[in-house]
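Have a look at the fold first, then read on.

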Amino acid sequence: MWGLRRAGILAVLVAGGATSVMAQVCPTVTAAQDIDVRPDYTRMGKPFEGWGTALAWFANVTGGYPDPVRNRLADLLYGEQGLRWNIARYNIGGGNAPDIQPYLRKGADLPGFWRRPAGATGQDWWRPDEAAMWDWSADARQRWWLDAIHDRVDNKVLILEAFSNSPPYFMTQSGLVSGNDNRLDNNIKPGASSAFADYLVRVTARLEQSHGVHFRTLSPVNEPATPYWHAKNTQEGSHWTPEAQQEVIVATAKALGKAGLKTRVAAMDETDSLTFIRNWQAYTPETRALIGQLNVHSYDTFGQTGVRDIASSSNIRLWMSENDLSPQNVRQDFDDMRPPLALAERITLDLKKLKPVAWVFWQAVENVSPDPQHSSNWGLIKMDYSVPDEGEHTLTISRKYYAMANFSRHIRPGYRLFEVADMDTTGAVSPDGKTVVFVHVNAGPYARNLKLPSQNLPSMKVGQAHHVELYVTDAAHEAARLCGDNLTASGMSVQVPPQSISTLVITQAPS
């Protein structure tokens with residue numbers, strides 16, 4: 001079963017100058033603070049590629065659920081009536097030894113695609129050229145998601161990336177995929193980078209062949225220069241010094257070339273921009289030249305314009321490839337507006353400062369917390385992972401889901417972001433210039449009037465009619481369309497509710 005909410009209607013003002021037409025379904029409400037949005041359509045970014053999520057770890061859980069449940073989840077995330085995402089990051093698992101007592105958290109125990117021969121011990125048994133060493137039936141749950149996404153997203157806009165959190169256990173120093181005993185030591189065994197790169201590339205090639213998909217990029221390391229990864233951790237992770245990062249990047253590029261794949265290396269999926277910059281500064285020009293895409297996470301926002309400048313000066317595509325958050329001291333509450341406002345503010349800040357061409361969520365589906373004192377608002381959809389596969393599954397859709405919808409349903413692949421003076425507003429325009437989207441985050445307790453100069457909309461003339469739609473997520477609405485009308489004003493003011501995420505879609509009316 002699924003828990004889905006239905007929204008009512010909120011009165012929202014759409015007004016203009018002296019010649020404006022009031023939308024009949026949007027009666028006037030109280031006065032509000034004026035916000036001069038001031039878009040600058042002369043300062044456009046590169047075409048935006050889209051939105052998506054990493055499939056680790058939720059796919060490893062939900063991909064084994066009954067068809068009605070897992071298909072409903074896939075529709076909610078990638079369907080036309082859902083978030084309309086078009087990007088997925090497939091996690092190639094390293095995999096612990098089969099005789100290790102399980103200790104990784106639910107979903108994080110991703111299987112590797114290797115098969116250890118009967119009677120083999122230690123770490124020196126791996127012979128990748130022998131077919132018996134491979135288990136291509138592994139990771140069936142995440143691979144189900146790969147097919148489900150491929151079925152729902154047009155190939156013209158579908159973008160897949162493979163990534164790794166850790167080498168297989170037999171390529172590590174600790175013998176565990178969760179990290180070294182010392183969290184600041186590399187966990188890959190000396191001299192094993194080429195073998196690891198070969199493993200990643202062979203898996204990527206097999207997935208492409210078996211599932212009829214293409215991985216545009218392959219990211220061999222994840223948050224490499226952080227102190228997160230240690231042997232007693234409950235998820236896969238590995239520390240990599242900048243020197244070790246370069247070694248595996250070079251090895252991966254060589255392995256991709258040898259395999260004849262068109263896939264490019266993405267790097268380095270660092271946890272924040274300042275650490276990314278430090279890694280990048282240590283790379284040689286030769287290493288940098290092998291990277292086809294720059295990936296950075298935004299778990300901290302310091303230094304984002306520095307990464308922006310690196311991408312621009314190097315002419316390398318930049319993704320914000322992982323983020324999720326829960327405001328401090330806010331316990332799990334699916335209707336609390338603070339988590340969706342925080343998410344929307346982070347997206348807005350990333351798009352305005354970092355200027356990536358894609359924004360990728362961490363885990364779309366999270367395990368519901370049974371302990372209110374130690375809970376969080378991570379994830380967009382919550383489920384109880386302790387329920388057996390064939391049990392009764394309840395989907396709880398949080399308001400963060402609808403905050404994401406305010407962005408991903410309307411700023412579509414191919415749109416171009418443009419500069420907006422207001423710090424709470426993101427602006428984007430369609431490739432033909434006939435549709436403009438503004439997403440505004442109002443975290444305050446008062447309504448706001450967004451003032452827009454309609455005569456400056458691309459491809460629109462002064463006095464030309466245009467259609468306006470407003471979509472709102474707040475305490476009463478879930479990315480709901482509240483009003484729309486044809487306007488011919490030379491200026492326009494749209495009132496948005498307090499503590500809301502509001503999307504304004506302005507479309508040129510036919511001449």
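What follows covers a helix pair and a strand pair.

This is a predicted model, so local features need pLDDT of at least 70 and side-chain atom pairs count only at pLDDT 80 or more, while totals for chains, interfaces and linings use all residues. Residues are numbered from 1 along each chain as its sequence is written, and side-chain values use heavy atoms, with hydrogens and water left out.

Here are the elements, as DSSP runs (helices H or I, at least four residues; strands E, at least two; numbered from the N terminus).

| Element | Residues |
|---|---|
| Helix H8 | 304-314 |
| Helix H9 | 338-354 |
| Strand E10 | 291-297 |
| Strand E11 | 317-322 |

Start with the helices. The axes of H8 and H9 come within 8 Å and cross at roughly 45° (axes are lines fitted to C-alpha atoms over the stretch in contact, with angles from 0 to 180 degrees between N-to-C directions). H8 and H9 are therefore oblique to each other (under 35 degrees is roughly parallel, over 145 roughly antiparallel, 65 to 115 roughly perpendicular, the rest oblique). On the H8 side, Gln-304, Thr-305, Val-307 and Arg-308 meet Leu-349, Asp-350, Lys-353 and Leu-354 of H9, contact being heavy atoms within 4.5 Å.

Among the buried residues of H9 are Leu-343, Ile-347, Asp-350 and Leu-354 (buried is under 20% relative accessible area, 1.4 Å probe, protein chains only).

Now the strands. E10 and E11 run parallel, joined by 5 bridges (pairing takes at least two DSSP bridges). Leu-294 sits opposite Leu-318 in E11, and 5 of the 6 residues of E11 are buried.

Note on methods: Buried < 20%, exposed > 50% of the residue type's maximum accessible area, 1.4 Å probe, protein only.
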